[in-house]
Amino acid sequence: MSARILVVDDIPANVKLLEARLSAEYFDVVTAANGAQALEICDRAECDIVLLDVMMPDMDGFEVCRRLKANPKTHFIPVVMVTALDSPADRVRGLEAGADDFLTKPVSDVVLIARVRSLTRLKMMTDELRMRAITSFEIGVQAPEREAVNDLGKGGRILLVDDRPSSYERLAPLLAAEHDIDVEPNPSEALFHAAEGNYDLLIVSLGLENFDGLRLCSQARSLERTRHVPILAIADADNNARLLRGLEIGVNDYLLRPVDKNELLARARTQIRRRRYTDHLRDNVQHSIEMAITDGLTGLHNRRYMESHLATLAEQAGSRGKPLALMILDIDFFKAINDTYGHDAGDDVLREFAVRIKKSIRGIDLACRYGGEEFVIVMPETDLQVAQMVAERLRRAIAGEPFAIEKGTKRIAVTISIGLSTLERKGEAVRDLLKRADTALYRAKHDGRNRVVAAAA
Ligand code: GH3
Ligand code: MG
């Protein structure tokens, strides 16, 4: 996993030093000698992470960072401030400007590489999500950039795992000023608590009495429900090795004791903001996946989904020696409904038809809109006899109860014809299964409609 790192510093010797260390670890390095240059490079999306000197003439690092984070095109690029200033107040200033992390000059090699690696992972993940979400932006789903730029990172749900009363009794009220905070003093309950609580941030003390805080972090990383929840570790100042280990296993950020109030709040906000942004991206991806497999009018699966899923179902049935039934349903004289009552009335009928289908099938059955007014239902573990019963029941559910149209002011009779087929042998092509159901449907139409016809074996 390699990334392109932008090193920004007005002193050439500093640039050279960082460049050499990063290159030795196979990172790709670009450099800028001032803030304006750095902004241009970021704007052209030519880097993954920025290492930013604070004290520069013209535009200082804080300002560069603020601008990067205010720009929807660049706000997701992780920024590490590299600074000789190391008071909590300086760090808070940087965090408020939106910095993701700090390195103190002189920069230790190990810490530099650990941080850059951890941010690279983060950046890769966000890029991947952004890329997948682009499709949904294109079809009109709101891009999360604007919200992300304006999110202050307050009002998050935080779980603090800390077994020292003297510590959590101080930290919890501080955090409660901006967030909803729960305290879990019992580390062996913490993972369960975290998985159940839908948190935006876990804060984990690494100095727990009888429990390895890092183990908890690593468990949280591997558990599905907590995998994406950011972790902020609180460590004792003398334990650098454990912190590095933590970063390797996926701890997102850390604080050293004694914990500075403002730094705690600023780091919590940064993590929560980032969490919301990636969540939002993830939702967009989920949404576009759903759109891609769902029919917009009826909410049933669409043809594309059915065709790929039917193949899987048929294979499963074949290999397990179970039956599989398929029916094609087609509304009778649907064109006449459109012609008489209008296209909207036709849509009402299609929607209501889908509702009745859903009511009459099992959870494991697969229903989809195959096209226009034609629907397909796939029924695993169902033989011909049962399938015929289900189809007949469905036919009656349609013919037996008129359909409401024009906002319920009118009711019209609707009937359907159904063609049925079952998997004949292991390995039979899905195409043939569909074909035989279609032929049966044709016969149902030909024989007078409003009826079920099973394909000849
Ligand atoms: P048959 O009994 O032989 O199936 O006759 P039919 O009129 O149902 O079949 P035909 O294929 O002639 O007409 C289907 C009509 O369905 C034509 C098309 O305009 C209409 N249709 C297709 N998709 C939609 C839709 O999404 N909404 C509406 N309202 N009508 C649709
Ligand atoms: Mg029809």
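How much of the chain over residues 157–272 is helix and how much is strand, and how far apart are the end C-alpha atoms? That stretch is 47% helix and 21% strand, with its end C-alpha atoms 9 Å apart. Keep in mind that this is a predicted model, where local features need pLDDT of at least 70, side-chain atom pairs count only at pLDDT 80 or more, and totals for chains, interfaces and linings use all residues. Residues are numbered from 1 along each chain as its sequence is written, chains are lettered from A and ligands numbered from 1 in the order in which they are written, and side-chain values use heavy atoms, with hydrogens and water left out.

**Annotated regions**

- An unreviewed UniProt entry lists residues 4–120 and 157–272 as "domain: Response regulatory"; positions follow the numbering used here, feature names are shortened, and annotations may be inferred rather than shown by experiment.
- Over residues 4–120 the chain is 45% helix and 21% strand, with the end C-alpha atoms 9 Å apart. Helices (H or I, at least four residues) and strands (E, at least two) are DSSP runs, numbered from the N terminus.
- The unreviewed UniProt entry also lists Asp 53 under "modified residue: 4-aspartylphosphate". Asp 53 sits in strand E3, residues 49–53, and counts as buried at 4% relative accessibility.
- The burial classes go like this: buried is under 20% relative accessible area, exposed is over 50%, and partly exposed is in between (1.4 Å probe, protein chains only).

**The magnesium site**

- Asp 330 (OD), Ile 331 (O) and Glu 373 (OE) coordinate the magnesium ion (ligand 2), at 1.9 to 2.2 Å. Along the chain, these donors follow the spacing D-I-x41-E.
- Donors here are N, O and S atoms within 2.8 Å of the metal (3.2 Å for Na, K and Ca), and since water is not among the atoms, sites may look incomplete.
- Ile 331 is buried, at a relative accessible area of 1%, whereas Glu 373 is partly exposed at 21%.

**Around ligand 1**

- There are 16 residues around ligand 1, and Phe 333, Phe 334, Asn 338, Asp 347 and Arg 369 come nearest. To be near, a residue needs one of its heavy atoms within 4 Å of the molecule or strand.
- A backbone N or O atom of Phe 334 is 2.7 Å from an oxygen atom of ligand 1, and an N or O atom in the Asn 338 side chain is 2.8 Å from a nitrogen atom of ligand 1.
- Glu 373 turns up here too, with a side-chain N or O atom 2.9 Å from an oxygen atom of ligand 1.
- Taken alone, ligand 1 exposes 650 Å², and the protein buries 67% of that. Accessible areas come from the Shrake-Rupley method with a 1.4 Å probe; for residues, only the protein chains shown count as cover.
- Elements giving two or more residues to the shell around ligand 1 are E11, helix H13 (334–341) and helix H14 (343–360). H14 gives the most, with four residues.
- Helix H14 also holds Arg 356, which is buried at 9% relative accessible area. A polar atom of the Arg 356 side chain lies 2.9 Å from the backbone oxygen of Ala 397.

**Cysteines**

- The disulfide count is zero, where a disulfide is a pair of cysteine sulfur atoms within 2.5 Å.
- For Cys 65, the closest cysteine sulfur is in Cys 42, 10 Å away, so that is too far for a bond.
- Cys 65 is buried at 0% relative accessibility, and Cys 217 is buried at 1%.

**Pairs across the chain**

- Glu 128, in helix H5 (residues 109–138), is partly exposed at 34% relative accessible area.
- Ala 13, in helix H1 (residues 12–24), is exposed at 54%. Ala 13 and Val 79 are 66 residues apart in sequence and 21 Å apart in space, C-alpha to C-alpha.
- Glu 184, in strand E7 (residues 180–184), is buried at 10%. Its C-alpha lies 39 Å from that of Val 64, a residue 120 positions away in sequence.

Technical notes
A polar contact is a pair of N or O atoms within 3.5 Å; within protein, one must be able to donate a hydrogen and the other to accept it, and residues adjacent in sequence count only if both atoms are side-chain atoms.
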